[in-house]
Amino acid sequence: MKRLFGIDPGIAILLDKAPSEVLDYGFVMEYLKAYKNPRVKLNHLLKIKALIRVKKGIYIFGKNFARHPYSSEVLANVIYGPSYVSLEWACQYYRLIPERVTTVTSITTQRSRRFQTPLGLYTYDHLPIGAFSVGVTLVKFSDKQQALMATKEKALTDLLVLRRGAFSSKKALKEALFEDLRIEEEDLKSLNLELLKEIYKARPHSAINYLIQCRDS
């Protein structure tokens, strides 16, 4: 182990062995097993804020001990799964919408959930398994941090389907895109038409159908 002077030896070994900024309970217990009571040691590390409990069984290094900034997207995948980051958070990531988003939004095949954590709110909306994987990609945020995330096409269709519901016309869809969401026309034209069609095939919905028409016109 690297010698880290002036800090608790328990956090020192975790810093040395952890492959990423996110740790689970099993990993922490494995590397604290030299202590007489590893759980007491874990509680001590939480008390001195060397570790932060994101939710039961999931931890990150505290602010004064972190080697790298944590990834909200990686945490979202770990907190509740299977899931991928999508909706408002992903649309913000791709700069499709101008609003600043503070809630990390994801899609899951499980029931919808909300997790209020010390790092903010993480929400998960349900999507049927048949429509889940089309348009999802693995995004690399650093050398050791990557997460499942919607493509911009998938993020936008998820947002329209789950937040706006059915549309009665192409005109109504355009109003939602350009007036409500304030999406730029050039961003609409940059969407991958073939991928939109694949997403529609996996889950036929009026919002996706009219989006394809708008993109193709």
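Author: Let's begin with a term: a residue is buried under 20% relative accessible area, exposed over 50% and partly exposed in between (1.4 Å probe, protein chains only). By that scale Y124 is buried, at 2%. This is a predicted model, in which local features need pLDDT of at least 70 and side-chain atom pairs 80 or more, while totals for chains, interfaces and linings use all residues. Residues are numbered from 1 along each chain as its sequence is written, and side-chain values use heavy atoms, leaving out hydrogens and water.

Now to the rings. The structure holds seven aromatic pairs (Phe, Tyr or six-membered Trp rings with centres within 6.5 Å; planes under 30 degrees apart are stacked, over 60 edge-to-face, the rest tilted). One of them joins Y80 to F115 in a tilted arrangement, with 5.5 Å between centres and 50° between planes. The two partners are 35 residues apart: Y80 sits in the loop between α4 (72–79) and β4 (83–85), and F115 in strand β6 (residues 113–117). Helices here are DSSP runs of H or I with at least four residues, strands are runs of E with at least two, and both are numbered from the N terminus. Y80 is buried at 9% relative accessibility, and F115 is buried too, at 10%.

Y80 has a further partner in Y124: their centres are 5.2 Å apart and their planes meet at 75°, so this pair is edge-to-face. Because Y124 belongs to strand β7 (residues 120–126) while Y80 is in the loop between α4 and β4, the pair ties together parts 44 residues apart in sequence. Taken together, Y80, F115 and Y124 form one aromatic cluster. There is a charge here as well: the charged end of R113 sits over the Y80 ring, 5.5 Å from its centre (NZ of Lys or CZ of Arg within 6 Å of the centre and within 35 degrees of the ring normal).

Next, T105. This residue lies in strand β5 (residues 104–108) and is buried, at 3% relative accessibility. Setting aside neighbours within four places in sequence, T105 is in contact (heavy atoms within 4.5 Å) with V85, S86, L87, E88, W89, T123 and R163.

E88 then leads on to charged partners, as E88, D125 and R163 are linked in a network of salt bridges (a Lys or Arg side-chain nitrogen within 4 Å of an Asp or Glu carboxyl oxygen). Across the whole structure there are nine salt bridges. Among them, D8 and K41 meet at 2.7 Å, N to O. D8 is in the segment before α1 (9–17) and K41 in helix α3 (residues 38–47), so they tie together parts 33 residues apart. Both are buried, D8 at 16% and K41 at 12%.

Another joins R182 and E99 at 2.3 Å, N to O. R182 is in the loop between α7 (170–180) and α8 (185–189) and E99 in the one between α5 (87–93) and β5, so this bridge spans 83 residues of sequence. Here R182 is partly exposed at 45%, and E99 likewise at 33%.
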